Amino acid sequence: MFERSPLKTAFLVAATGAIILTAGCGGRGGRNRDTAYVARDVNTLYAAAQERLETGRTRQAAALFDEVERQHPYSPWARRAQLMSAFSYYAARDYNKAIQSAQRFLSIHPGNKDAPYAYYLIAICYYEQISDVTRDQKTTEQAKQALTDVMRRYPGTPYARDAQLKIDLVNDHLAGKEMTIGRSYERSGKWLAATLRFRNVVDNFQTTSHTPEALFRLVEGYLSLGVPEEAQKAAAVLERNYPGSDWYARAYRLMQRHAPENVAA
């Protein structure tokens with residue numbers, strides 16, 4: 001679900017390509033294949049880093065881009081190298097270092113024309129670390145916050161449009177986590193705790209695919225808690241929004257069996 005999408009990859013490649021083209025091609029002739037920290041002129045060092053990236057040696061590329069900044073901190077190449085380092089770490093799936101490099105770029109160059117790309121790269125790094133719903137969702141929350149930040153800062157851009165699509169998936173993931181916990185509480189007979197989880201899905205993730213089931217679980221929960229009036233309200237919302245769904249059919253049967261007086265004629 002959270003693998004690298006062609007659209008997202010195209011954004012990253014296009015942005016990175018623009019940075020490479022801006023950097024120019026000077027110094028490619030004196031390429032040194034040794035990636036050890038040896039003092040080199042900035043053109044040669046940057047070209048070596050670029051060559052490693054283009055041939056898939058992403059970790060070596062990141063190390064060499066870091067060297068550009070370390071050895072030539074006041075060169076125009078240093079700024080470009082910071083962002084290229086972040087992309088190289090991302091390509092190597094070293095997400096923590098990619099985030100650190102992008103954040104460092106933004107702290108030094110907050111108004112740079114490539115800042116939108118840096119924010120987007122940070123968001124994507126969190127997004128691609130989202131794990132299954134049975135595990136802690138801290139990274140999922142970080143992904144949502146970072147994607148929201150991209151939308152807030154750069155509305156109307158391709159980055160913002162892609163961030164919106166990914167937020168929808170992130171919300172579905174978070175809702176899935178709530179559903180998993182709620183079902184677990186149900187199986188343990190902890191009906192109040194379960195209904196709180198399902199209510200959270202209905203209130204805060206109502207556009208996700210989990211909402212119909214959450215409404216049905218609320219019907220179950222409220223009937224078990226002895227409040228058929230609340231169960232009827234949840235069933236009514238389910239009927240209004242998902243009238244042809246299996247979840248509504250099941251809710252209707254439950255209401256007829258356990259609270260027929262609350263079922264509309």
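Okay, let's start with Lys 233: it is partly exposed, at 47% relative accessible area. On that scale, buried is under 20% relative accessible area, exposed is over 50%, and partly exposed is in between, with a 1.4 Å probe and protein chains only. Its partner is Glu 230, and their side chains meet in a salt bridge, 3.2 Å from N to O. By salt bridge I mean a side-chain nitrogen of Lys or Arg within 4 Å of a carboxyl oxygen of Asp or Glu. Glu 230 is partly exposed too, at 28%. Helices here are DSSP runs of H or I, at least four residues long, while strands are E runs of at least two, numbered from the N terminus.

Quick word on the source: this is a predicted model, where local features need pLDDT of at least 70, side-chain atom pairs count only at pLDDT 80 or more, and totals for chains, interfaces and linings use all residues. Residues are numbered from 1 along each chain as its sequence is written, and side-chain values use heavy atoms, leaving out hydrogens and water.

So how confident is the predictor? pLDDT is its confidence in each residue, from 0 to 100, and the chain averages 85, with 82% of residues scoring at least 70. Over residues 20–36, though, pLDDT is below 50.

Glu 67 and Arg 70 form one of them, with the closest N and O atoms 2.6 Å apart. They sit three residues apart in helix H3, residues 58–71. Buried or exposed, what is Glu 67? Glu 67 is buried, at 3%, whereas Arg 70 is exposed, at 53%.

Then there's Arg 197 with Glu 178, at 2.8 Å, N to O. Arg 197 is in helix H9 and Glu 178 in helix H8, residues 158–187, so this pair ties together parts 19 residues apart in sequence.

Last stop, His 210, in the loop between helix H9 and helix H10. His 210 is buried, at 17%. A polar atom of its side chain lies 3.2 Å from the backbone oxygen of Asp 172. Its contacts (heavy atoms within 4.5 Å), leaving aside neighbours within four places in sequence, include Ala 175 and Met 179.

Zooming out, the chain has 12 helices and zero strands, and buried residues make up 50% of its 265 residues.

Methods. pLDDT is the predictor's confidence in each residue, from 0 to 100. A polar contact is a pair of N or O atoms within 3.5 Å; within protein, one must be able to donate a hydrogen and the other to accept it, and residues adjacent in sequence count only if both atoms are side-chain atoms.
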